[in-house]
Amino acid sequence: MTSPAGDRDPAHTPVRVLLCDDHAVVRAGLLALLSSAPGIEVIGEAGDGEEAVALAAALRPDVVLMDLQLGSGIDGIEATRRIAGLPEHEAEREAAREVECDDGRDDERDDGRDDGRDVAGRAAAGRAAPHVLVLTTYDTDADINRAIEAGATGYLLRAERPEELFSAIRAAAAGRSTLSAPVAHRVLAQMRSPRPGLTDRELDILGQLARGLSNREIARALFISEATVKTHLGRIYDKLGVDTRAGAVSVAKEQRLLP
């Protein structure tokens, strides 16, 4: 489901987009697709999370179109978190302080005019962090929750039609949340039927899992059968919304379930 695009006039203020995907072919396809959309301008491409954060800080796009799995380095979740936190960086605070000083000097002027430096300084300091729109094939509860908690404005699946993607980008630029229908369904389902917390035994097994132990080794460490370990793992996966051991450990760390 996609929110309205807002009052932005594509003819005069195009949405500036930064692409982030570790597959060059995917980026090329998105670039070609977005080039056909009125009012959308791709201003940069990033092949990994670190590059996306650096380009977002330098270019200040309106929207960063972010994949979740980015190969080596930080993933799309961490990149989203850093991009969403850009206004807190020291460079932004320094720019704001410079503008405050300029404002103080302006108050002493009798003619009430600003020079070009003052206007540019206010524009730089007033820029908000880019909005991050996740575009991915992954729709597990864990991925969705982590992306939203990291500050993503929207979460879109690659199966969407081009028109939906265009609309989602414009909505994200206006700060409006955008979710693909399957994602919205998952979010609502979680709100209606929240998963129960992990039991003490499940937390014990999760801790052993984080150490990289096999099911047999966990069973020996906790003096239980291997079949019992498998049963508990199934429940842990279900509660955390994952389907792999690595996913369980990742979400557990994210939710501070592990020491």
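Reader: Where is the place of His 232?
Author: His 232 sits in helix 11. Helices here are DSSP runs of H or I with at least four residues, strands are runs of E with at least two, and both are numbered from the N terminus. Before we go on, this is a predicted model, where local features need a pLDDT of at least 70, side-chain atom pairs count only at pLDDT 80 or more, and totals for chains, interfaces and linings use all residues. Residues are numbered from 1 along each chain as its sequence is written, and side-chain values use heavy atoms, with hydrogens and water left out.

Reader: What makes His 232 count as buried?
Author: Buried means under 20% relative accessible area, exposed means over 50%, and partly exposed is in between (1.4 Å probe, protein chains only). His 232 has 12%, so it is buried.

Reader: Which residues is His 232 in contact with, leaving aside its neighbours within four places in sequence?
Author: Those are Arg 201, Glu 202 and Ile 205. Contact means heavy atoms within 4.5 Å.

Reader: And Glu 202, is it buried or exposed?
Author: Glu 202 has 2% relative accessibility, so it counts as buried. This residue is in helix 9. Setting aside neighbours within four places in sequence, Glu 202 touches Gly 197, His 232, Arg 235, Ile 236 and Lys 239.

Reader: How do helix 9 and helix 11 cross?
Author: The axes of helix 9 (residues 200–210) and helix 11 come within 10 Å and cross at roughly 95°. That angle makes helix 9 roughly perpendicular to helix 11. Angles of 65 to 115 degrees count as roughly perpendicular, under 35 as roughly parallel, over 145 as roughly antiparallel, and the rest as oblique. The axes are lines fitted to C-alpha atoms, for helices over the stretch in contact, and the angles run from 0 to 180 degrees between N-to-C directions.

Reader: What makes the contact of helix 9 with helix 11, by class?
Author: By class, this contact has six nonpolar, one polar and four charged residues. Ala, Val, Leu, Ile, Met, Phe, Trp, Tyr, Cys and Pro count as nonpolar, Asp, Glu, Lys and Arg as charged, and the others, Gly among them, as polar.

Reader: How do you know the orientation of helix 10 to helix 11?
Author: The axes of helix 10 (residues 215–222) and helix 11 (residues 226–240) come within 8 Å and cross at roughly 105°. So helix 10 is roughly perpendicular to helix 11. On the helix 10 side, Asn 215, Arg 216, Ile 218 and Ala 219 make the contact, and on the helix 11 side Glu 226, Val 229, Lys 230 and Leu 233 do. By class, that gives four nonpolar, one polar and three charged residues.

Reader: Where is Phe 223, and what about its phi?
Author: Phe 223 lies in the loop between helix 10 and helix 11. Its phi is near 60°, a positive value in a residue other than glycine. Most residues other than glycine have a negative phi.

Reader: Why is Phe 223 called exposed?
Author: Its relative accessible area is 75%, so Phe 223 is exposed. Arg 60 also deserves a look: its phi is positive, about 50°, although it is not a glycine. Arg 60 is in the loop between helix 2 (49–59) and strand 3 (63–66). At 9% relative accessibility, Arg 60 counts as buried.

Reader: What makes His 131 partly exposed?
Author: His 131 has a relative accessible area of 25%, so it is partly exposed. This residue is in strand 4 (residues 131–136). Val 132 lies in strand 4, and with 1% relative accessible area Val 132 is buried. Val 132 and Val 64 are 68 residues apart along the chain, with 4.7 Å between their C-alpha atoms.

Reader: How confident is the predictor, on average?
Author: The protein averages a pLDDT of 82, and 78% of the residues score at least 70. pLDDT is the predictor's confidence in each residue, from 0 to 100. Over residues 88–96 the pLDDT stays under 50, and over residues 105–126 it is below 50.
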